[in-house]
Amino acid sequence: MFSRINYEGPLDEQYTTLSRQLHTLLDGEQDRIANLSNASALLNQFLDRINWVGFYLMNDGELVLGPFQGLPACVRIPVGRGVCGSSAMQKQTLLVDDVHAFPGHIACDAASKSELVIPLIKNDTVIGVLDIDSPIEARFSKEDQLGLEQFVQTLCKHL
């Protein structure tokens with residue numbers, strides 16, 4: 001049974017606690033959609049000042065909408081397009097302070113101003129991306145990036 005906890009202390013310790021909580025939540029469950037759904041719900045309750053958090057999964061060479069929290073979203077994103085597609089193509093995290101300045105940005109929600117996208121990599125293959133949007137410009141810090149990359153590493157062990 002899940003119980004909400006108060007995350008306290010420095011941000012890096014909060015992210016460590018979050019990753020431990022994710023591991024406990026997913027331990028023993030093999031269904032990928034169930035695990036991604038719980039991961040997006042956990043992030044939605046942990047992160048403040050966001051308007052969308054979820055996953056796009058690789059399917060036939062493009063990213064397809066997966067479990068998420070937020071308003072309805074774009075269903076398909078070509079690899080190499082937008083922040084999500086660029087992250088998948090480059091196999092690296094993209095932290096974008098101003099999405100309107102990102103070449104080829106795909107605006108699924110006009111309220112989004114900043115974005116953090118982390119590729120889900122298993123056996124050196126991108127299987128999807130974690131996408132987090134905020135209506136606040138420059139919402140995400142390098143510390144957020146490191147903590148969320150740790151979260152994704154934990155998650156990928158359960159996919």
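On a 1 Å grid over the protein atoms alone, a pocket is an open set of points with protein on both sides within 12 Å along at least five of seven lines, where a 1.4 Å probe fits, and its lining residues have an atom within 4 Å of a point. The structure is a predicted model, in which local features need pLDDT of at least 70 and side-chain atom pairs count only at pLDDT 80 or more, while totals for chains, interfaces and linings use all residues. Residues are numbered from 1 along each chain as its sequence is written, and side-chain values use heavy atoms, with hydrogens and water left out.

**Largest pocket**

- The largest pocket has a volume of about 190 Å³, a volume being the space filled by probe spheres set on grid points that are joined across faces, edges and corners.
- Its lining comprises 19 residues, and Ile106, Cys108, Glu115, Asp131 and Asp133 lie nearest the centre.
- At least two lining residues come from each of β1 (52-59), α3 (82-90) and β6 (125-134); helices (H or I, at least four residues) and strands (E, at least two) are DSSP runs numbered from the N terminus.
- The largest contribution to this lining, 3 residues, is that of α3.
- By class, the lining holds 11 nonpolar, 3 polar and 5 charged residues; Ala, Val, Leu, Ile, Met, Phe, Trp, Tyr, Cys and Pro count as nonpolar, Asp, Glu, Lys and Arg as charged, and the others, Gly among them, as polar.

**Cysteines**

- The structure holds 1 disulfide, defined as a pair of cysteine sulfur atoms within 2.5 Å.
- This disulfide joins Cys74 to Cys108, with an S to S distance of 1.9 Å, and is left-handed, at -125° about the S-S bond.
- Cys74 lies in the loop between β2 (62-70) and β3 (76-78) and Cys108 in the loop between β4 (94-96) and β5 (114-122), so the pair ties together parts 34 residues apart in sequence.
- Cys74 is partly exposed at 21% relative accessibility, as is Cys108 at 31%; buried means under 20% relative accessible area, exposed over 50%, and partly exposed in between (1.4 Å probe, protein chains only).
- Cys84 is buried at 4%, and its sulfur is 7.6 Å from the closest cysteine sulfur, in Cys108, too far for a bond.
- Cys156 is buried at 9%, and its sulfur is 15 Å from the closest cysteine sulfur, in Cys84, again too far for a bond.

**Gln14**

- Gln14 belongs to helix α1 (residues 11-26) and is buried, at 16% relative accessibility.
- Beyond its neighbours within four places in sequence, Gln14 is in contact with Tyr7, Glu8, Gly9 and Phe46, contact meaning heavy atoms within 4.5 Å.
- A polar atom of the Gln14 side chain lies 2.7 Å from the backbone oxygen of Gly9.

Notes: A polar contact is a pair of N or O atoms within 3.5 Å; within protein, one must be able to donate a hydrogen and the other to accept it, and residues adjacent in sequence count only if both atoms are side-chain atoms.
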